[in-house]
Amino acid sequence: MVNSSCLVFLLFMWFPLKIVCNEENTTEEENTVPLLRDFSVNISPAFITIAWNCNITKSMKKYKYHVNIGKVIFEDLTVTDCSYVYEVFHEMSLTLHTGVSVQLSVCNSLNKEVHSGKEETYLPEGKKYTAAENFSCVIYNVDIVNCSWSVGREAPEDTQYSLVFRQLSVYDKCQDYRYDSFGRQVGCVLRKPDISFKEKVYVAVSGLSNQTSVQFFDVLYCPIDDVILDPPRSITLTYKGDDLEIKWQKPKTHDEMQETCFFYNINITHKEETNSKGSEGNVYKITRFHPNEKATVTMRVKWQKRCSLNHEWSAWSKPQTIGEDFFEFSIYHILTVVGVCTAIFISVLIFLCYRFKIWKKLFPQVPRPSTKLFDQVQQNGKSVQKESEMKIKFMEKDEEEFICTDVTEMLENL
């Protein structure tokens, strides 16, 4: 009986001791947070790839792991996946070529943060200053996207760049490049892309060289801010009493835009007067116009501030004219007609004088005097005066010469 009593006593003492030991082990395990080993971050155009060691313990499954990307994006990690890929063009909030900060944090089952890792900045692979520079785009003719960039200052001569537009599930790759003197691609034209101009687009320019690893360039921007508008369409002019009514249609755009997104400028020329007005609708009236009098209208348009950051005016539309042209003579017209008539009269007068030799008849030439030469000769012992009369004509050749053509001699006896 004594032995049985001792055994029962020992059993009662052993169970509480075991429970206390388990509680102590649990507390110690909770205080030791298992971190992800071999944690790495790789940055490529449009993607951030996070990976870690796949040797997952049971204690790691009891915790929740979170990653903070660029201080603006918080993503949950599933430890059993051993990797996580973040696609930038889905959130449209990051550019990667300048580097991205990543921070890992751990929470317990009560979603209380028990560990916060060190924030580190990760850079894309490639030699520094080899990425494309001075990137810009212009959109014109409704849906033609013309982008250009310059070669990185440290990029090798054999570097070739390629451009890609990403927007959600849309992937547009450039097919029409422009080249520099070394044959490197420094520009691209995209015609009718499938992207929406009203939403942000992720653009990546990747580089490739046989000499070194080339960094990529990326940017997030809204294409509507680069759109150069065409002039308003279908401009019509109508007289309604003393009012001139101007109607038009908004310019054609890649995406459907509200009428309130446009601001118009109207230029009205009437009897050498110009009137420039702004309007937010597609109808405009101007008073004090007489019916059927001539008026010429041109228009241009720009974006309202709430719809685009581009506030440049479009080109002027083609002139639209209404009414009859009542020609009025002015001093300028009279002087022009007098000048033309005077020039014609002088030209006709010169031609008649030349044709009928009127000038020679009115102003005949005076004949030249003859020249007499007296020579003294001895004939039969007497002095004889010899008179020579010569008519000299002058002829121009390469050099001036005097030629005697007719000589008359007279002998007189002294």
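**Entry 1: cysteine pairing**

What is the pairing of the bonded cysteines when they are numbered in sequence order along the protein chain? I read it off as 1-2, 3-4, 5-6, 7-8. Before going further I noted that this is a predicted model.

**Entry 2: Cys54 and Cys82**

I began with the disulfide that joins Cys54 to Cys82, where the S to S distance is 1.4 Å. The torsion about this S-S bond is about 90°, so I put the disulfide down as right-handed. The pair links distant parts of the chain, 28 residues apart. I found Cys54 in the loop between strand 2 (47–51) and strand 3 (64–69), and Cys82 in the loop between strand 4 (73–77) and strand 5 (83–87). Is Cys82 buried or exposed? Cys82 is buried, because its relative accessible area of 10% is under the 20% cut-off.

**Entry 3: Cys174 and Cys188**

Next I looked at the disulfide between Cys174 and Cys188, with S to S at 1.9 Å. Its S-S torsion is about 115°, so this disulfide is right-handed. Here the two cysteines are 14 residues apart, and the pair again links distant parts of the chain. Cys174 sits in the loop between strand 12 and strand 13 (177–179), while Cys188 is within strand 14 (residues 185–191). I checked burial for this pair too, and both Cys174 and Cys188 are buried.

**Entry 4: Cys261 and Cys307**

Which hand does the disulfide of Cys261 and Cys307 have? The torsion about its S-S bond is about -70°, so it is left-handed. I noted an S to S distance of 2.0 Å for this pair.

Cys222 counts as buried, at 17% relative accessibility. Cys341 has a relative accessible area of 47% and is partly exposed.

**Entry 5: Trp313**

I then went to Trp313, whose place is in the loop between strand 22 (295–303) and strand 23 (320–322). Trp313 has a relative accessible area of 28%, so I call it partly exposed. What does Trp313 contact, leaving aside neighbours within four places in sequence? I listed Phe263, Tyr264 and Asn265, and then Arg300, Val301 and Lys302. For Tyr264 I also took the C-alpha to C-alpha distance to Trp313, which is 8.9 Å in space, against 49 residues in sequence.

In what order do the four strands of the open sheet run? I wrote down 12-11-15-16, with antiparallel pairing. Strand 12 (170–173) and strand 16 (217–221) stand at the edges; each has a single partner strand, so one side of each is left without a neighbour in the sheet. On average, neighbouring strands here are turned by 20° against each other, direction ignored.

Inside the sheet, I looked at strand 11 (residues 160–167) with strand 15 (residues 201–208), an antiparallel pair held over seven bridges. Within that pair, Tyr161 has Gly207 of strand 15 as its bridge partner.

Strand 6 pairs with strand 7 (residues 113–116) in the antiparallel sense, over three bridges. Ser105 stands opposite Ser116 of strand 7. The hairpin has five residues between the strands, and in it Asn111 takes a positive phi near 65°.

My last stop was Ser101, in strand 6 (residues 100–107). Why does Ser101 count as buried? Its relative accessibility is 12%, and buried means under 20%. The Ser101 side chain makes a polar contact with the side chain of Glu119, at 3.3 Å. Leaving aside neighbours within four places in sequence, I found Ser101 in contact with Asn68, Ile69, Gly70 and Lys71, and also with Glu119, Glu120 and Thr121.

How values were computed
Residues numbered from 1 in each chain as written. Predicted model: local features only at pLDDT ≥ 70, side-chain atom pairs only at ≥ 80, totals over all residues. Heavy atoms only, no water. Buried < 20%, exposed > 50% of the residue type's maximum accessible area, 1.4 Å probe, protein only. Polar contact = N/O pair within 3.5 Å; in protein donor to acceptor, adjacent residues only side chain to side chain. Contact = heavy atoms within 4.5 Å. Pairing = 2+ DSSP bridges. Axes fitted to C-alpha atoms, helices over the stretch in contact; angles between N-to-C directions. Disulfide = S-S within 2.5 Å.
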